[in-house]
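Notebook open, structure on screen. I want to jot down how a few pieces pack.

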Amino acid sequence: MGLTVGYVVRRFCLFALVVWVGASLNFFVPRLAPGDPAAAMISRMEAAGGRVEDPAALIAEYREIFGLDEPLWVQYAVSMRNLFKFEFGLSISQFPANVRSLIINALPWTTGLLLTTLLISFTIGSIIGALMVWPGGHNIFKLVSPISMVFAAIPYYLMALLLLWVLAFNYSVFPSFGAGQVGKSLEGLDRFVEIIYYSMLPGLSIVISSIGLWAVTMRGIMVTTLGEDFLLLAKAKGISASRIFFWYGMRNAMLPQTTGLAIAVGQILAGSVIVEILFSYPGIGHLLYKAIGMNDYPLIQGITFLMILSAAGAVLIMDLIYPRLDPRITYTSN
Amino acid sequence: MKFYKWVLVFLLGSMFVLSMSCSSEATEEPKPAPTKAAAKAPAPEPTKVPPTKAPEIEEPKGPVLGGKLRDIPRNRTFIMGQVGNEFSDVDNLNPYSSVWMAKGLHFLFESLYYLNIFDGKMTPWLAADQPEYSDDFTSVTVKLRDGITWSDGEKLTADDVVFTVNMIKEEGTFLYSANLNEWLESAEAVDDLTVKFNMTKPNPRFVLDYFGVHFFNAIRVVPEHIWKDIDDKVTFKNNDPEKGWPVGTGAFVPVKLAETQGIFDRRDSWWADDVGFQSMPEVERVISVPLGPADRQINMAVANEIDWAETFAAGPFLTIKGQNDKWIPFEKEAPYGFVDACPFAIHVNNARESWKEPIARIALNHAIDKAKFVKLSHEGVTPTSGSEGMGLEGYGWLEPFLWPAYGDLIDFRDKNADLYEKHNTMVHDVDKANKLLDDAGYTKGSDGIRVTPSGEKMSAVIRWIPTGYVEFPAPVQSLVEDLTAIGVDASQEQVQWGPFGDSAMGEFDMQLMWVCGSTKDVYATLDGWHPKHVKPVGEKPSSYSISRWQGPTAEKFGEAVDAIGLLSPNDIAGLDPLVREAIDLWLSEMPSIPLFQYPSIRPYNSTYWSNFPTSDNAYNTPFIGWFSGNKVITNLKAVE
């Protein structure tokens with residue numbers, strides 16, 4: 001393996017630094033936005049229950065509960081300590097819900113949807129992209145090239161609106177909203193199938209708009225790989241075309257593509273905010289959107305901390321396993 | 001070369017087969033009728049959808065949270081459509097923090113009294129009679145009905161009520177904590193069925209305000225035998241099926257709770273039926289579902305997937321009515337809705353230089369075309385003329401003052417109609433507005449923007465928050481144009497709750513907001529402007545004293561309001577002169593600008609259920625999400 005102890009240690013230190021800087025920014029930036037979350041809570045209370053006597057005292061009470069009455073540096077220190085213990089505290093906007101519980105409830109929806117769509121679009125896009133320039137590829141894949149570029153340019157949320165219009169409003173093929181049927185309480189396989197059914201539209205919008213991007217990047221990498229001598233040698237040795245395509249061509253071209261996949265996996269927790277809002281899909285992106293609107297610092301911090309962790313972690317893992325994927329790579333101390 | 005082809009065929013075929021099998025699997029049950037986009041004119045033929053057959057399951061012994069669901073047909077199920085896209089923190093059943101309160105859990109936690117906002121009468125529910133106040137209003141005695149039991153079989157007694165109020169006072173962060181610490185000295189259980197509340201100062205409306213559901217909710221009595229052992233009552237989830245929690249007195253208990261729906265089943269027995277106070281509800285199951293975006297709301301309503309909607313804007317409601325004539329609004333004619341408890345107003349920050357002088361606010365009132373605002377915000381369905389039977393003749397939906405048109409409140413408004421004329425409250429006159437400002441020294445600069453006598457440019461950013469009830473963008477823009485016409489540098493700003501709440505700290509010019517206070521008694525709304533509630537900029541005052549109205553007139557107003565606060569809401573003769581004085585003082589300085597009564601369209605679907613509150617049968621607010629919705633759910637009649 002091409003890793004050295006020194007490299008691994010440096011890499012972990014860099015990971016820790018990135019996470020700490022990200023978490024620090026995550027702490028300060030929400031606090032720069034206008035709006036006092038405790039005052040917002042009281043305003044919502046008043047909207048529901050009429051006048052609240054002495055709201056200033058109640059605001060002070062809530063600020064104490066959430067530690068907002070402490071000096072900023074104390075809040076920062078406590079926040080950092082709790083973050084690294086994965087204790088995110090209570091939500092302000094959904095008080096007294098535990099932030100960790102809210103995230104855990106929302107997480108499966110996002111990871112399920114996005115992981116699946118990512119793997120599907122990556123697989124299909126990579127294969128199509130490679131076939132676009134493969135000498136033995138069918139002519140139809142050459143036609144796919146401009147189509148892929150068009151899809152790559154369409155933002156996924158525009159694709160979502162288009163699919164909603166066609167497949168939900170006009171032809172009622174799929175539901176337009178939510179994650180389950182009204183009044184039904186399915187379980188087991190029925191519930192699994194229902195989840196798949198309700199995730200088809202958000203999933204399709206992401207897959208269709210993502211396939212093009214993977215295909216285009218794979219195409220570019222494959223063009224470079226085609227010029228390599230080992231492919232010519234493999235052909236000269238009489239190895240079958242399909243084996244050359246998959247085990248010689250794609251395998252080498254996939255290396256940079258895999259790096260992109262790792263980064264994309266790490267960004268899954270960022271969710272597809274707009275898609276989740278459009279389809280009212282109860283995932284992390286939707287939760288973050290609501291939290292920002294309510295100045296819910298603990299919930300914002302909890303979600304974005306996990307995003308930072310997953311993105312940085314994915315890159316770290318990629319760096320560590322890359323020599324295994326490509327034996328030519330060796331990390332040295334200098 | 002054929003290998004990659006098979007790979008592709010396999011992948012694409014799998015996706016196709018999966019999607020088709022998903023579609024067919026999930027549509028074994030009747031599908032909603034396909035619809036075109038909501039904006040298009042619908043076909044008028046109503047659809048008749050047969051009751052949905054519920055899945056076959058084993059009959060349970062009683063409704064249990066998390067247990068197997070009972071087989072209850074559609075025509076014994078009442079489905080409530082709630083504003084929002086999904087529910088959160090769904091396993092929290094603490095009546096003081098649960099999202100399910102107003103979505104079904106409030107049917108379990110019953111109130112001592114339920115006020116009917118339309119006639120001002122308070123129905124004793126857990127209480128046996130009307131409250132008895134001492135002559136000086138420093139104490140009030142409430143007798144409980146005999147025979148009330150909690151869902152675990154224990155008796156509800158005065159000790160539970162005393163425990164509850166003491167708990168709220170001690171915790172400090174419950175909705176009524178500050179209020180009870182302000183007003184309640186102590187509570188004592190005189191006997192098992194009698195509670196005596198001792199106030200810190202005279203309060204003739206203590207029971208109305210905190211136990212009468214005079215506005216949306218009230219104090220929820222909790223069982224002392226359970227809650228006394230809970231250390232942290234604020235974060236207590238009150239959710240333990242093995243122990244039978246949550247425990248309440250109502251007829252419905254939660255059985256299945258998720259982000260996409262909440263199911264509450266009727267218990268096998270209910271104290272009110274046992275003692276002959278009420279009959280067992282005909283509704284056997286209540287389901288709350290999120291309504292989601294407008295197109296989904298319409299789809300669900302047309303297909304009879306819901307029986308009540310928390311709200312519809314006028315446009316979607318007309319679309320639904322055109323396709324399904326089973327939908328019944330409170331009022332048969334436009335604007336269809338009932339008068340909401342919270343009229344809308346523009347709260348003007350009296351602390352801002354541009355608006356601190358009364359003359360500027362009075363000019364503002366004259367500059368605003370309220371009829372146009374109402375027409376734009378209600379998509380043309382709201383008449384500017386009066387709605388018969390609603391007590392709004394001559395005013396339409398433009399209430400010259402800020403309390404809703406209910407019962408005694410209508411009388412107080414009508415008795416003082418001459419004051420509205422005296423202060424030209426309803427006059428839209430841009431020329432008059434300009435003249436008032438010119439005469440007061442608010443001169444126009446070369447850029448057309450007026451400057452205050454102290455030299456500051458007159459400006460206003462009108463803040464508003466999307467409510468989902470009223471379409472605001474266009475009407476708010478008309479407000480901007482109205483202000484521009486009198487030389488104010490005006491703009492609008494849509495905000496979320498965070499900055500909206502921040503406004504209350506004093507960093508705003510104008511805020512478009514509802515005025516929630518009085519529903520029976522004038523005091524609540526008037527007290528909102530009492531100068532004693534005003535706080536310095538940077539601190540939050542209570543509700544609409546965000547206007548920060550101060551000065552000699554405001555002080556006199558406060559004195560009148562204090563005197564009103566010492567009189568019973570039923571002492572009309574005593575209240576009359578004080579209310580008149582307060583209105584006169586308020587209108588003379590216009591700390592806020594009344595805009596309109598909000599016609600709240602919260603309609604019912606009569607396919608499966610009848611006996612809803614309507615203008616012909618106004619026994620309760622149609623807003624079943626209010627805690628008094630318990631009166632409605634227990635009185636609905638099945639159609640078949």
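Which hand does the crossing of helix 17 of chain B and helix 18 of chain B have, left or right? I looked it up: the crossing is left-handed, a term used if the near helix is turned anticlockwise from the far one by less than a right angle.

This is a predicted model, where local features need pLDDT of at least 70, side-chain atom pairs count only at pLDDT 80 or more, and totals for chains, interfaces and linings use all residues. Residues are numbered from 1 along each chain as its sequence is written, with chains lettered from A and ligands numbered from 1 in written order.

Next I checked the packing angle. Helix 17 (residues 552-565) and helix 18 (residues 572-589) of chain B pack at about 155°, axes 9 Å apart; axes are lines fitted to C-alpha atoms, for helices over the stretch in contact, and angles run from 0 to 180 degrees between N-to-C directions. That makes helix 17 of chain B roughly antiparallel to helix 18 of chain B (over 145 degrees). Among the contact residues I noted Phe557(B) and Val561(B) from helix 17, and Leu578(B) and Trp586(B) from helix 18 (contact means C-beta atoms, placed from the backbone, within 7 Å).

Then the sheet in chain B. It is open, with five strands in the order 18-17-19-14-20 and mixed pairing (strands are DSSP runs of E, at least two residues; helices are H or I, at least four). Strand 14 (residues 344-348) and strand 20 of chain B pair antiparallel over four bridges (pairing takes at least two DSSP bridges). Ile346(B) has Ile593(B) as its bridge partner in strand 20 of chain B.

Notes:
Angles under 35 degrees count as roughly parallel, over 145 as roughly antiparallel, 65 to 115 as roughly perpendicular and the rest as oblique. Two residues are in contact if their C-beta atoms, placed from the backbone, lie within 7 Å.
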